[in-house]
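User: Hi, I'm new to this. Can you walk me through the model with me asking as we go?

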Amino acid sequence: AVGFPEGLHYSYDSEKIRLASAWKGRFIDARGTWFERFTPPAEPLGESLMRFPQGQPFATLDREDARWPAWEDQAKLYKFGGYRLDAKGVPIFLYQFAQWQMEERIEPMGQRGLRRQWNIKYEGIDAATPRDDSVALNLCVHLATKLTRNSGAQVDGGGLHTRLVISPQGVNESGDRIIQDERGERWIVPINGKDQQTVVVEYTW
């Protein structure tokens, strides 16, 4: 779990590479994890708890109507590399997915919500392997039973308001789409073929 003086905190699942939950107010009671063995994870002490859906943020799709893969289908393509702290003391999570290196930074916007930024760099397999642009990298920024697009840059669902602030193609021409699968509806943002790109979303609830 990551706590901030603004009173908005979050937990990050480094095993499945995902934002797990966020809440406002008090942080966590970690006494059990410090002094007792075989205890469950510490629970948030605050309020306005938002549990983010299960599932990985990135996937490779070979066509627009392809099914979003389950975690088990692409888990071997992920490799978590820990984190580092920036100048403000905010963690930047480091991980690799397939041929891309990711840096993910999450920080509060006061008590309104979270700002989440991915810096994405294409590394390739090796210099002798040609790039396969038919396999597109896609980012899932929201998942809920039902999603409602309130504007070109904002989609709501499951009590969460998600706004696309920066995308590789520009917010107005991002090529984003909402797709359906067995878990509900996903808001997908395609990542273009540039060697480096940035995506930023803001969550409020």
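Predicted model: local features only at pLDDT ≥ 70, side-chain atom pairs only at ≥ 80, totals over all residues.

User: Where is leucine 61 found?

Analyst: Leucine 61 is in strand β4.

User: And what stands opposite leucine 61?

Analyst: Alanine 136, in β9. The two strands, β4 and β9, run antiparallel. Four bridges join them.

User: How far apart are the C-alpha atoms of leucine 61 and leucine 137?

Analyst: They are separated by 6.6 Å. Along the chain, leucine 61 and leucine 137 are 76 residues apart.

User: What is the strand order in the open sheet of four strands?

Analyst: The order is β4-β9-β14-β13, and the pairing is antiparallel. The edge strands are β4 (58-61) and β13 (177-181). Each of these two pairs on one side only. From one strand to the next, the twist averages 45°.

User: OK, what about the open sheet of three strands? What is its order?

Analyst: That one reads β1-β2-β3, with antiparallel pairing. At its edges stand β1 and β3 (47-51). Each has a single partner strand, so one side of each has no neighbour in the sheet. Here the twist averages 15° from one strand to the next.

User: How many bridges are there between β1 and β2?

Analyst: Six, and the two strands pair in the antiparallel sense. Aspartate 13 stands opposite arginine 18 in β2.

User: What lies in the loop between β1 and β2?

Analyst: Isoleucine 17 has its place there, between β1 (8-13) and β2 (18-24). Isoleucine 17 has a positive phi of about 55°, although it is not a glycine.

User: Is isoleucine 17 buried or exposed?

Analyst: Isoleucine 17 counts as buried, because its relative accessibility is 2%.

User: Which other residue has a positive phi, near 50°?

Analyst: Alanine 98, again a residue other than glycine. Alanine 98 lies in the loop between β6 (91-97) and β7 (100-108). Its relative accessible area is 23%, so alanine 98 is partly exposed.

User: New topic: aromatics. How many aromatic pairs does a search of the whole structure find?

Analyst: Eleven. One to look at is tyrosine 78 with phenylalanine 97. Their ring centres are 4.6 Å apart and their planes are at 40°, so the pair is tilted. The pair links distant parts of the chain. Tyrosine 78 is in strand β5 (residues 78-85) and phenylalanine 97 is in strand β6, 19 residues apart.

User: Are tyrosine 78 and phenylalanine 97 buried or exposed?

Analyst: Both are buried.

User: Which residues form the aromatic cluster?

Analyst: Trp71, Tyr78, Tyr95, Phe97, Trp100 and Tyr122 form one aromatic cluster.

User: Which residues lie nearest the centre of the largest cavity?

Analyst: Phe52, Pro53, Gly55, Arg116 and Cys140. In total, 16 residues line the largest cavity.

User: Which strands supply at least two residues of that lining?

Analyst: β2 and β9 (136-144) each do. The largest share comes from β9, with four residues.

User: What about the classes of residue in the lining of the largest cavity?

Analyst: Nine are nonpolar, four are polar and three are charged.

Key: Residues numbered from 1 in each chain as written. Heavy atoms only, no water. Buried < 20%, exposed > 50% of the residue type's maximum accessible area, 1.4 Å probe, protein only. 1 Å grid on protein atoms, 1.4 Å probe; cavity = no way out; pocket = protein on both sides within 12 Å on 5 of 7 lines; lining within 4 Å. Nonpolar A, V, L, I, M, F, W, Y, C, P; charged D, E, K, R; others polar. Pairing = 2+ DSSP bridges. Axes fitted to C-alpha atoms, helices over the stretch in contact; angles between N-to-C directions. Phe/Tyr/Trp six-rings, centres within 6.5 Å; stacked < 30°, edge-to-face > 60°.
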